[in-house]
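I open this notebook to record what I looked up, entry by entry, with the coordinates beside me.

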Amino acid sequence: MLGFGEVGGVGQLVYHSFRFADYEIDYLKDGTWAAIPVCDAHHPPDITQKDCISGGYILSSLCNLAKKINDLPKEKPFTDLILDWCKDVMHPYHIDEVYGELTDEQFDLCDMTAELAGRDATFSLHAFMEELGKLYDTARFYTALMRICEGDSDETYDMYDEEKRFPGLPYLERYKHNMRNVKNIDVSAAKDNLLKEMQLERTYMEAHPAKQTADGDYAVEPFDDYERLRDLLMESVPDFRLQLKLSPKTGRMTFAVDVDSVFEIAWLTLAHMMSEDPIEEHHGGSHEGLTGVMMTCRHCGDFFIRRNNRQEYCDKEKCQKARNAKNQREFRNRKRMLKAGKKMQTEENYNGKA
Ligand SMILES: [Zn+2]
């Protein structure tokens, strides 16, 4: 459960989180796999609050988990990656209910209450994968749209891949083809019959295959279609359910979003980031306010939360090294060009005097 006030700042989303020591995998009646937490005296759950687990952290680490799973060959199992995330970050489902059980006065690791908590916390791995895929695909589309707004649409070219577990959203595919060609086809012979028009178009396209643009270059700039893309992004985000609830902090009624899983927290965080307009001119030429949003690292491609709107690399050492190397390269180039410019100027002066 989350009040509006708590949703406030991106990355400030703090709430109860807990981790089970381990999980067992079991086959469910409906033919899917379930993760059952191990919760007993030898495997006590960790209910200490970690300050670092904000909404932004949950969102970006879930996206990085999805990226890791997506990069695995399809025949490789991925269950361990999911369970490692749950043990490291937090248990993903039925958060409020299970936290209540684990912190109840009657709770005892040596009796039925521990077993019950484990049973209530059991979740379907199939459902987890499905929700993870939706979140990851939308998050990638969101960062791609940010890149497009920054004038970097080339970087978004290879986003969609049907061969992958999480293929991505196909909305940018159409800009790879030059649609103007289709509009120039003479369809008067069809006499306004739509089906015949389409057949004529197809025959024409087969006879005149579209000119291939250089690999990695869009035929039509996606930014020119920004409104459509933004609407598609908005449609990809699920609705939230608002309810009157009792605040555990104040004991008073509060209008709150019902949050029961890490995915709901991640979606809420993403929706909040999306409400920051990425188009520069809408900010009067500055990117102020755009900090705290999620981006992908220029070096490793992992998701991270920006500390400022110029941050292009994540905090990993190898990525910071890559950033420094690039900055030095650019500095040297600038110096070289400055020198060359001065030299030309001196020569001009010399020639002028002569
Ligand atoms: Zn990186």
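Entry 1. Working in a model that is predicted, I began from L132 and listed its contacts, leaving aside residues up to four places away in sequence, and found that L132 touches L62, L65, A66, I69, F166 and F263.

Entry 2. I then asked which residues have the most contacts inside the largest nonpolar core. That core has 79 residues, and the ones with the most contacts inside it are L62, F128, L132, L172 and F263. Helix α6, which covers residues 125-149, gives the most to this core, contributing 14 residues. I note as background that nonpolar side chains in soluble globular proteins tend to be buried together.

Entry 3. Next I turned to the zinc ion and looked up its donors, which are the SG atoms of C297, C300, C314 and C319, at 2.3 to 2.4 Å. Along the chain these donors follow the spacing C-x2-C-x13-C-x4-C. The angles among the 4 donor atoms run from 103 to 114°, and the site is tetrahedral.

Entry 4. Finally I checked a backbone angle at H94, which has a positive phi of about 50° although H94 is not a glycine. H94 is found in the loop between α3 (79-88) and α4 (95-102), and with 25% relative accessibility H94 counts as partly exposed.

Note on methods:
Residues are numbered from 1 along each chain as its sequence is written. This is a predicted model: local features need pLDDT of at least 70, side-chain atom pairs count only at pLDDT 80 or more; totals for chains, interfaces and linings use all residues. Side-chain values use heavy atoms; hydrogens and water are left out. A nonpolar core is a set of buried Ala, Val, Leu, Ile, Met, Phe, Trp, Tyr and Cys residues joined through side-chain atoms within 4.5 Å. Buried means under 20% relative accessible area, exposed over 50%, partly exposed in between (1.4 Å probe, protein chains only). Helices (H or I, at least four residues) and strands (E, at least two) are DSSP runs, numbered from the N terminus. Contact means heavy atoms within 4.5 Å. Donors are N, O and S atoms within 2.8 Å of the metal (3.2 Å for Na, K and Ca); water is not among the atoms, so sites may look incomplete. Four donors count as tetrahedral if all angles lie between 85 and 135 degrees; four count as square planar and six as octahedral if opposite donors are over 155 degrees apart and all others between 65 and 115; anything else is irregular.
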